[in-house]
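Thanks for taking a look at this one with me. Here are my notes, point by point.

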Amino acid sequence: MAQHPARRIVVIGNGMVGARFAEEVARRDPAGDRVGVTVVGAEDEPAYNRVLLPGVLAGDYTPDDIRLPVPQVPSVAVRTGAAARGLDTARRRVTLDDGTHLDYDDLVLATGARAAFPPIPGLAASDGAPAPGVTALRDAADCRRLDALARPGGPVVVLGGGVLGLEAARALARRGMRVSLVESSPWIMRRQIDRPAARILAEQYSALGMSVHSWRVAARWIPGTGLELDDGRVLAGDALVVTAGVEGNTELAADAGIETEHGVCVDDTLATADPRVHAAGDCAQHRGGGAGLVQPGWEQAAVLADRLTGTRPEARYSGARPVTRLKAAGIELTAMGEAEADDTAETVTIADPHGGRYAKLSVRRERIVGAVLLGFAEPASDIAQMYDDGAPVPADRLALLTGRPAPEAEPQAEAAADPTVCRCNAVTRQDLETAWLDGSRTRTDIAEATRATTGCGGCTRDVDALLSGWNATSPVAAT
Amino acid sequence: MNTRTHCPYCALQCAMSIESGPDGAPTARPADFPTNRGGLCRKGWTSAELLHSPQRITRPLLRTDRSGAFAETDWDTALDHVAARLAAMRAEHGADSVAVFGSGGLTNEKSYLLGKFARLALGTSQIDYNGRFCMSSAAAAGNRAFGIDRGMPFPLPDLAAADTVLLAGANPAETMPPMMGHLTAPRLIVVDPRRSATAQYALDHGGLHLAPRPGTDAALALGLLHAARTADLLDTDYIAARTTGFDDAWRHAAAFWPEQTEQVTGVPAHRVREAAHLLGTAARAYVLTGRGSEQHATGTDTVSAWINLALALGLPGRDGAGYGCITGQGNGQGGREHGQKADQLPGYRKIDDPAARAHVADTWGVDPDELPGPGRSAFELLDSLGTGDGPGAMLLLGSNPAVSAPSAERVRNRLQSLDLLVTCDFVMSETAAMSDVVLPVAQWAEEEGTMTNLEGRLLRRRAVLDPPEGVRTDLQVLSALAVRLGQPAARFPDRPDAVLAELGRASAGGGADYAGVTPQRLDEGEELFWPVPGPEAGTPRMFLDSFAHPDGRARFAPVSHRGAAERPDADYPLYATTGRLMGHYQSGAQTRRIAELDAAEPRAYVEVHPDTGARAGLAEGDWARVVSRRGAALARIRHRSDARTDTVFLPFHFAGDQAANNLTNPALDPTSRMPEFKVSAVRLEPADTAPTAPTAPTAGG
């Protein structure tokens, strides 16, 4: 067979999805026979794990700890510090901000998303640059900025009570900051959990030393002072962390005439309207959702690698069933699907505000359609797996939450009457008693007669107890 | 009659004595030994029954028409026939048209002579063995990390002094009960999708049971490393002084923070942290792996992920801590060292290494160029039988692939397509029953030899009894065939001691060096752990000063989690996983013929969660048809309310339409060529009828 030159794949974006795509390709095509990959990243530093940035703030990781693996194969090249400026889909060419260009056979847009700043006076200068003390928490530069601003013992305000805001708040509190958190909607994590759960969660945050202000709109940021709310109160803050949502980086695609809405529109093959241009991760918009979470982005990277290397041309991305798992030390919160399912669902709810626990499980046609689990760490993982797999729930739904099955029927009488004592050698209590009646008085005798205790030894205590009981009733040794 | 030997079954190789029972029949009794400490499991207690079983084959059996019955014949006729057919096959189709399939149950001497027989008497590269289905992933990962593979590089009794022991995919409470005697003091962390007896023991004694989704063990190991690091539990001095490659390994583990690990494995994040804490704060800790983590198409990387965890915590090469794999078959360790593996020469040498070839060729008195190169791995070999470029004849010792190979129906079809199948066995196993020639061979208590147990400890098997009249030893069979194939008799000794002496010379200077092993030293009770290069003491604890790589350091492997080759879908919505029962061994060819063991578990069963059974319309005790993309197995429903609702479990000791391996996936590990025994996607259906085939074919056809 003739040797073909490897096809050229250009990836725009060296974040969690772009870097993972390169890794997935290297795994499928380690020799680079099929494709060569060039990853272009706007940031100067090597790819890193954005999800763990709150952990860097909290001191769990150093910035170096969260760097992503770089495939050690000659067919993958990474160019950092280079941003794509233009895309010409007719010539299949990407122009970079250093004036160079890259030609591609297939293009993968993994440009991610950026923090959205709400229109609050004082937040940003007229050119859009953040005001002094204001930062997002999207990238390593944000993290460094915040690291310099957030001195232990000092006050800090987090604007936006979604998942990232809550994780950032908890990380800053662990760092020793006095944290206030402001959420403009009626309750925190409004998109993932219901109001009763949010109330208990807010109490837990308060107990951990943070103040939570739900349904409060920020009026203005006063550098050096703090954040003024719509009711006139001022929350002290050396820094303001804006975690009020993101917007996809879609400009490159939009300028090239590719259809975008809030993200770059892709079908189940993750292709845009241009079959040679693909998108994955936070910049992509798929009918099945999934933007904003890393797991769907990673699944998309794997599907694209399957397709573009020809390993599995039939691979498709059919959408995500995302499970939200809050990463906040001391809090176990898992949420998925509909937090407020309607009456067509069968819902089990357990609320224990005093114990700081809440569980809600909604089921339709034996499948989980939504769950909110706060302080139910053990069942949460089982429920998340069933939701993820679309697997049927057990008949006893309360037991699924509490781990306590409904009482079963009495065990069979004969099993109860003659239980197995030594499983390794299938010796029952009756067998032991027979041996005792035949004169076995010590554990050695019993082992000799029945083999009990000679396997794993786990029954030794039980055998000793039975023997001492029988020996006590009949102190005279049998002849 | 009262002579000490060791059990015929697993790698624990419990010491036993064979005595005359009340009826004069031989009976096994436990003997004191550091490994079994006077214990035996049910299989050991009943093992002597097969020595005088009416189901034993004691005459060579031959048939020229495979649809016909076997006829008894004499040894000369049988051996002449086999040798003539093998020679004709080789003359017509080349040396590689003849294959050899060995076993991790064979003694060191047999393993060695079988490899020599294949390479010299047959000149074939086509030799592999059932240990490929057992230890290959652990071996590959161990070699990669430490530069050598001795399953447990420390004596088993060391475990008793540990604070914490993690068991990944191992169930010794059922598969090696006397081993549990060493695990009563440590806190146990058991990793198993199933609430196994070992998992239950851990929970009952203050330990942990982590139940990952089948096929996600690697993610769990990476997650434990991640959690240990963020809790500041790593031994950074050890990592710096004694290892290489941590940074690259960490980059992959960095993607498995506890919540992400939970999402992939289903093990709650707080349990991941708790397990990391238990293991990382222990002064003396061990990480042990078993087949549950290893028998996957990602088995090598999964074991590497567990070894990475052990290295990061500074365990291997320290007195009172370490990593080990729990070898399965009786001589699963020695059997993987002396050349019955497709890519290997004696002394754990590589067959493509010119220096290794030169040394072994010199020992054998041949030119290195006469030695064939590497052959196919076990499944690839079985799958090639009777095909265009695959072997047309096979000699089989100590194995029953018709039951034990993955995708067993496909393998049975391949076995059927052979022009010649010759099986050496002492009972009519399912594979023997498919053969053209069955050669009756001696059993464990009827012949001398050495075994290397799961610790790398050399053991002496003794001939307690004479074999029945008409039965020969495997060594005698190989020697007689070699002579008939034109080899000098001196090149194929049939006395175990002579073979051991030659094995010592052939292995000298290799990784597994047996040069100093002699029957006398073993008879005198010396504890010999390999390497034993000379008359000085062996090596009970390896790596205390340095690892076996040239730089003396252990290597982290940059591994990630890839997941199972096959995932459940709408047609096959459940995971099936397989394993051993307390009362049976491997393909069941031996244990299904022992009355007490057969009576206890006579039929296949499938463990299911009651809800899972109910959804398929199946109640306790019903016969179910378990169906995968490769085939179906019949099994009776057994409810387990502690089972995962997405996973069913089948023991693999049953044959025919009850064989669990009818279901299993032959997707192979890229490094070890281990098949994916432990994860298949299946569905449950009510069976139309109960199985009809007898579980144990008998002699006479």
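1. B:Arg213 forms a salt bridge with A:Asp388, with the closest N and O atoms 3.7 Å apart. The term covers a side-chain nitrogen of Lys or Arg within 4 Å of a carboxyl oxygen of Asp or Glu. Between chain B and chain A the count is nine salt bridges.

2. A word on the basis: this is a predicted model, where local features need pLDDT of at least 70, side-chain atom pairs count only at pLDDT 80 or more, and totals for chains, interfaces and linings use all residues. Residues are numbered from 1 along each chain as its sequence is written, chains are lettered from A in the order in which they are written, and side-chain values use heavy atoms, leaving out hydrogens and water.

3. The contact (heavy atoms within 4.5 Å) takes 46 residues from chain B and 46 residues from chain A. On the chain B side, these divide into 15 nonpolar, 16 polar and 15 charged; here Ala, Val, Leu, Ile, Met, Phe, Trp, Tyr, Cys and Pro count as nonpolar, Asp, Glu, Lys and Arg as charged, and the others, Gly among them, as polar.

4. A:Thr453 is buried, with a relative accessible area of 15%, where buried means under 20% (1.4 Å probe, protein chains only). Leaving aside neighbours within four places in sequence, A:Thr453 is in contact with residues including A:Cys422, A:Cys459 and A:Val463.

5. UniProt, in an unreviewed entry, places the feature "domain: BFD-like [2Fe-2S]-binding" at residues 421-467 of chain A; such annotations may be inferred rather than shown by experiment.

How values were computed: Buried means under 20% relative accessible area, exposed over 50%, partly exposed in between (1.4 Å probe, protein chains only).
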